[in-house]
Each structure stands twice: as structure tokens, then as C-alpha cells.
Amino acid sequence: MAELQRKQESSPSPDFVRASGATGDLRLHEFRSRVFRNTRFLRVWLPPGHDYAENSGRHYPVLYLNDGQNLFETATSYSGVEWGVDEAADRLIREGAVAPMILVGIDNAGKDRIREYMPHRSMNPMMLRVQGRYYPDFLMKEVMPFVERNYRVATGPENTGLGGSSLGALIALYTAMARPGVIGRLLLESPSLWASARQAIKESLLVRIWPERIYLGVGTAEAGSAERSRTVVDDVRELAAILRRAVLSERRLRLVIEDGAGHNEAAWAERFPEALKFLYGE
């Protein structure tokens with residue numbers, strides 16, 4: 001992990017450490033969950049100018065992202081490759097492509113990541129004691145209130161986004177479906193729609209309230225073979241078709257199928273700037 005500097009200034013927010021290796025102001029909070037009964041980091045990135053006196057009364061849209069370890073720093077990323085969300089957001093904000101916003105990386109639970117990110121039992125992989133059905137409570141009763149207490153967050157679905165990749169995207173999709181009307185911006189990268197016999201796709205047919213904007217990204221080389229990769233892409237196409245039948249126009253839904261892109265942080269990092277512009281652009 002990059003060298004951390006302890007907070008010096010007085011502040012009503014709880015203790016944090018500042019990641020010196022990130023672009024901009026990235027603050028790490030050690031966070032204890034009563035829902036999951038474990039501890040992880042929340043990584044809160046603040047936009048340029050957040051601490052200027054003239055912005056002291058300003059409130060900011062927020063995007064919550066799963067697998068927080070992989071977002072900001074190569075040293076903490078599972079694969080040694082980061083999404084670069086801090087660099088992308090900093091550039092887009094300074095260019096005026098998106099309004100200043102707060103990014104919150106929610107670390108996964110390490111060895112319990114799969115259990116927390118799977119809402120339904122699965123036979124392949126074998127996972128019977130899953131915990132994903134508790135994730136909406138974890139996010140909406142613990143994480144979001146913590147961030148809203150300690151940072152100037154604009155509330156309401158139009159200002160609230162959620163996203164992730166792989167199983168992190170699956171649980172983001174499940175959360176948006178299970179608690180309609182809370183999440184207004186949804187980012188789904190290479191979602192693991194195959195999990196639990198494609199239960200998420202089946203449940204999506206029953207949803208009547210969807211986020212205002214949804215970004216769906218996938219590559220054509222997601223799996224170990226061409227046939228398996230086609231299945232992954234077909235699942236994403238099927239979800240997109242369901243969303244379109246739910247009257248999501250092109251203004252509300254963006255489907256990106258990237259030729260040759262794999263199932264990895266490098267591919268998700270490559271698509272992130274365009275995803276952020278679609279979800280939060282003016």
C-alpha cells in the first residue's frame with residue numbers, strides 16, 4: 001500500500017488516513033460492519049476544490065464502487081492493475097465533462113468476497129451459505145449513512161450511483177433491483193450474470209423501477225474460450241434487451257461490447273472514463 005499520512009487537521013469526521021499515492025484527496029476509513037460482522041476500508045475520494053472556502057456549502061453527487069482495493073492504487077489491487085478512477089475523475093472534472101463528485105470505494109471482504117457478493121445459492125461454484133442478500137442493508141443502512149454524516153453528499157437517486165465489476169457488478173445489480181428508487185446511476189462491468197443459474201436475469205424480468213442511467217460494459221474475450229466468452233456477452237445482451245423493454249431509452253442505457261477486451265482491471269479502467277461521462281455527464 002502507498003505510504004499513508006495520518007490526519008492532522010481537526011474535523012468532525014472520524015479518523016482517517018490519507019493515501020499519498022493517489023491523485024487528489026483519497027481518505028481511508030477503517031469501517032466496522034454490524035451487518036457482516038467484519039471490518040474493511042472505505043476509500044473516499046474528494047473532488048478538486050472540495051475544501052475551498054467558497055465550496056463549504058456545496059454538496060456533491062456520489063458514486064459507490066465495489067472492490068475498493070482495485071480502484072485507486074496499484075499496490076492494493078488484486079492483480080497489480082488499478083482502475084485509475086481517481087485520475088479519470090480528476091481529469092473529467094477539471095475538463096468540465098462531469099460535475100465535481102465524490103467517489104467511495106468499498107473494499108471487499110477478502111476470503112469472504114464471493115459470499116458477500118452472491119445473493120443466491122450456487123451449485124457452480126458450490127456456494128450454499130451466501131450473504132449477498134444482506135448487501136443492500138450493508139450499503140444503505142451502514143455505508144451510505146456513514147458517508148452522508150461525514151461528507152457533504154447530495155442525496156436522492158439522481159445523485160447516488162453504485163457499480164462494480166464481475167461479482168461486484170452482480171451484487172450492484174441485485175441491490176438496485178432489491179431496493180428500487182434508491183440508486184439512480186448504475187455501473188455494471190463484466191457482470192457475472194451466469195451465477196446461480198442466471199438468477200439475476202430471471203429476476204430482472206420482474207423489475208418495474210430501474211435507475212435513471214445504466215452503463216453495461218463487457219468484452220468479447222471475457223472467458224477462457226471463445227464459446228464461453230460468447231455466452232458471457234449473450235447474457236449481457238439479454239439483460240440489455242430486458243432493460244430496453246422496460247422503456248430505457250438510449251439516453252438512459254449504454255451498452256458497450258469491446259472487441260478483444262478481457263475480464264480484468266485493465267479493461268474496466270479503459271472503459272471507466274466513458275462510463276463516468278455517460279452516468280454523470282451534463
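How many cavities of 30 Å³ or more does the count give? The count comes to 1 cavity. The structure is a predicted model, in which local features need pLDDT of at least 70 and side-chain atom pairs count only at pLDDT 80 or more, while totals for chains, interfaces and linings use all residues. Residues are numbered from 1 along each chain as its sequence is written, and side-chain values use heavy atoms, with hydrogens and water left out.

On a 1 Å grid over the protein atoms alone, a cavity is a set of points where a 1.4 Å probe fits but cannot get out; a pocket is an open set with protein on both sides within 12 Å along at least five of seven lines, and lining residues have an atom within 4 Å of a point. Points are joined across faces, edges and corners, and a volume is the space filled by probe spheres set on them.

The largest cavity is lined by P119, H120, L170, L193, A195, S196, Q199 and A200.

In the largest pocket, W194, E222, A223, R228 and V232 lie nearest the centre, out of 15 lining residues. The second largest pocket has 14 lining residues, with N70, Y78, R113, E265 and W268 closest to its centre.

Classes in the table: Ala, Val, Leu, Ile, Met, Phe, Trp, Tyr, Cys and Pro are nonpolar, Asp, Glu, Lys and Arg charged, and the others, Gly among them, polar.

| Space | Volume | Lining residues by class |
|---|---|---|
| Largest cavity | about 40 Å³ | 5 nonpolar, 3 polar, no charged |
| Largest pocket | about 350 Å³ | 4 nonpolar, 7 polar, 4 charged |
| Second largest pocket | about 300 Å³ | 2 nonpolar, 9 polar, 3 charged |
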